[in-house]
Amino acid sequence: MMLFLWLSLLFMPVSAALSGLGVWLLAGGEQQEDRELFRNFICLLAVFMLLYWGTVNTDSVRMYTDPQFRAQTEMDANPIYNAFKDFSPDDHRTLHEFLILRMSQGATLSEAFLQARPLLDQMANNRLGFADQKSRVEWGKVTADTLRELQTVDPELCYRVLSSQPLDSQTLARVFSVANTEAFQQAVAHVYESAGRGIRHERTPGDTPVEFNAAAREFHTISDSIAKQFGEPVAEQVARKVFPEQPTEPPAPLCAARIAQLDAMLERPQAMAAMLIDSALR
Amino acid sequence: MIRDTALDEQPEEPEENEADLEERQWLAAGGQKMAICSIIFNFVLRSAEKSEALTGHLLEATSLVVALFAVAAVLKMCSGLGKSQNQKILFMVLSFVPLINIGVLIYLSIKTTRLLRDAGWTVGLFGAKP
């Protein structure tokens, strides 16, 4: 910001100095009438002002001089930000305000996006009902992979995410792999894009309807298998969808059971998997 | 004979210098009046900016016009004070440097006041008269 302010302040002095130099070179040591001197100076001043203004306002120069412009350009290049902008103005405003706040506190755009992950997670889950089957499956896979990564680091951390408890920015920056962050961002963008089309009743080719009762049966089959593997109380908790802040069972089996539940759902055909994931995550 | 010729030619030169000097004094006095107006315009412009009576491109355009008016004043005063062409160019450039431009106007105005007072002009708050 400072550099941009300096360039604005120097606009007239630099243009005038260049015009002065130009007038001096044009005169070439010859005495000129005041009127001619003034006219030459003004003409050159206009030329240099236009050149300076044009140069300072080009996108490539502003990327270095204007942090606000750079931040906005970087945000516009982000697939999540674009998807929010195109398909959900309200969520876009919320995300924009969050990112600007974090960046004003010194975070880079990628750090701000990382810190926005719980917010994005919640927003994507809310939109899941409108998304197409492919995006729902993708979202389910990313969620399962995320829990798996957290489970490896610390099962308590995994449970905190499961129960929608906030993670501090240092933890958010530490625990997720680059590949997982990229996959998460792509999945959020795809959920928003397809949900946008879903809200406008644009059917996605390839989506096939699933009978509700068939899905309920599959859900129970998976719950039974979870109960056999992890015990009845854990299976009951996982089937309830909402996890309390204080875990009723040890976090490690709860987390593992949730991962197993999502994996089992993902093994089903796309249409069935999409419906089961929607019911489990939304 | 030689003395006579010399006496015949002598009155011609001071008369020409006096006319030139008088022209320069009028030029300097005109430039000083313009400089005073330019300082007043600047104050008015800053007030308009603070009160947001003028904003955006209109403010920038008005500032530019006032700056050009100040440059014309500087040029006139420089000519009146017999400054060289390079000095004129330097003062014109300095007229576009914030804060220094006010200093330039005050410096040239003081020089002009001295020149005009020495020539017997009456110099007041709003300029000089013969």
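How many helices and strands are there in chain B? Chain B has five helices and two strands, where helices (H or I, at least four residues) and strands (E, at least two) are DSSP runs numbered from the N terminus.

The model is predicted, so local features need pLDDT of at least 70 and side-chain atom pairs count only at pLDDT 80 or more, while totals for chains, interfaces and linings use all residues. Residues are numbered from 1 along each chain as its sequence is written, and chains are lettered from A and ligands numbered from 1 in the order in which they are written.

**The two chains**

Along the sequence, chain B runs α-α-α-α-α-β-β. Chain A holds 17 helices and zero strands. The table lists further values for each chain.

**Contact between chains B and A**

Twelve residues from chain B and 15 residues from chain A make up the contact. On the chain B side, the elements that give two or more residues are helix H3 (56-80) and helix H4 (85-94) of chain B. H4(B) gives the most, with six residues. By class, the chain B side has eight nonpolar, three polar and one charged. Here Ala, Val, Leu, Ile, Met, Phe, Trp, Tyr, Cys and Pro count as nonpolar, Asp, Glu, Lys and Arg as charged, and the others, Gly among them, as polar.

**A helix pair in chain A**

Within chain A, the axes of helix H11 (residues 155-162) and helix H16 (residues 251-267) come within 8 Å and cross at roughly 60°. Axes are lines fitted to C-alpha atoms, for helices over the stretch in contact, and angles run from 0 to 180 degrees between N-to-C directions. H11(A) and H16(A) are therefore oblique to each other; angles under 35 degrees count as roughly parallel, over 145 as roughly antiparallel, 65 to 115 as roughly perpendicular and the rest as oblique.

From H11(A), Pro155(A), Glu156(A), Cys158(A), Tyr159(A) and Leu162(A) meet Pro251(A), Ala252(A), Leu254(A), Cys255(A) and Arg258(A) of H16(A). These residues divide into eight nonpolar, no polar and two charged.

Methods:
Contact = placed C-beta atoms within 7 Å.
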